[in-house]
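Below are some notes for a colleague opening this entry for the first time.

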Amino acid sequence: MRSTTNPELTAAWATVPDVAKAQERHEAAVKLRQDFPCGKTPAEALADVRAEAVATFTDTGKWPSTFGKDAAKAHADALVWEAEALALRNLEDVTKAAAEDLRDSMSVDVLEYLDSRLTEILDAAKAAGEALGGVTSAEQAIEAGGDALDAWRRLTSLLKDYSNVRDAQWDVLRAVSGEEARMGMRRWRDAGHGEVKDVRVDEIPSHITDVMRTRAYTVEYLVWVAQSGSAFVPTSYDDLEFSVTASLEPVAYDDHGPIVDLSPRVLPAREPRPAQTYTHSRTPHMDASQPTPARPKANASHPDRERSTTDYF
């Protein structure tokens, strides 16, 4: 979409070449309009011819004999200029709208590509993290040597790739969002959101959230993210907003403590209780022209009612 030194962003937009082509055409349309020479509208051209004729008459007392031809030619030339100027302005507006619409519709593919790259980076980081063997600094890695040193070097090189993916993520999200949404994303990014999902903020270690806020990524942070399995790239503003809300919403409780799973549950159907038929029950007699139906067989007895004050007074 634009000149960038981020290889991850370049590769991501390369997955949708139609977007780059549409942007190039818009930029070419902008250059055409900017290079088009300045001119006058038909009304301005006629006004200049009239003013010149009036000035001539004022100085010499003679009205120009070619006024009509001069006015017609100036008007015709101005019409030609105005027609092309309006067409070029319309061309710029149309190509801009087409580029923006295509960019917005294809941004999901770009962000999904970045998510796949994030998965590749974190898979490699997880394997390297397992080989560290408790090493937490470059000095310790040098002292340990062997596999631990190789793993530390591998993780150090992956840090740049991880940072590039995160920068590309925010670049794409900003490009397809309005000003109000960009302001919200800026606040969320500075608060450390947009890195992991399905994890509450208060469940993340404080030194990890500090890295999320500053985006000063470290080997320790990279290993933590890789092992957590919760890293993601939002595919839209709505996706980012949902993850932010989920990470901040209060914990719900029931009689058994915190409710971890808020998804709907399907309970087994309850068997209906068989109908209770008492000794005084009667079968409904729906048709008076027919004999009275036999009483149903009782399967329950009516309990004695509780005594009330009417039984004593």
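**Notes on the model**

1. Helix α4 (residues 67-130) packs with helix α6 (residues 146-175) at an angle of about 165°, and their axes are 10 Å apart. Axes are lines fitted to C-alpha atoms over the stretch in contact, with angles from 0 to 180 degrees between N-to-C directions. The two helices, α4 and α6, are therefore roughly antiparallel (over 145 degrees). In the contact of α4 with α6 there are 18 nonpolar, three polar and five charged residues.

2. The model is predicted: local features need pLDDT of at least 70, side-chain atom pairs count only at pLDDT 80 or more, and totals for chains, interfaces and linings use all residues. Residues are numbered from 1 along each chain as its sequence is written, and side-chain values use heavy atoms, leaving out hydrogens and water.

3. The chain has 10 helices and two strands. Helices (H or I, at least four residues) and strands (E, at least two) are DSSP runs, numbered from the N terminus. In sequence order the pattern is α-α-α-α-α-α-α-α-α-α-β-β.

4. For the chain, the radius of gyration is 39 Å, whereas a compact globule of 313 residues would have one near 20 Å. Along the principal axes, the C-alpha atoms fill a box of roughly 135 × 95 × 40 Å.

5. Where does His193 lie? His193 is in the loop between α7 (179-190) and α8 (206-214), and is buried at a relative accessible area of 12% (buried means under 20%, with a 1.4 Å probe and protein chains only). Beyond neighbours within four places in sequence, the contacts of His193 include Trp170, Trp188 and Val244 (heavy atoms within 4.5 Å).

Notes. Parallel < 35°, antiparallel > 145°, perpendicular 65-115°, else oblique. Nonpolar A, V, L, I, M, F, W, Y, C, P; charged D, E, K, R; others polar. Buried < 20%, exposed > 50% of the residue type's maximum accessible area, 1.4 Å probe, protein only. Rg over C-alpha atoms; globule rule 2.2 N^0.38 Å.
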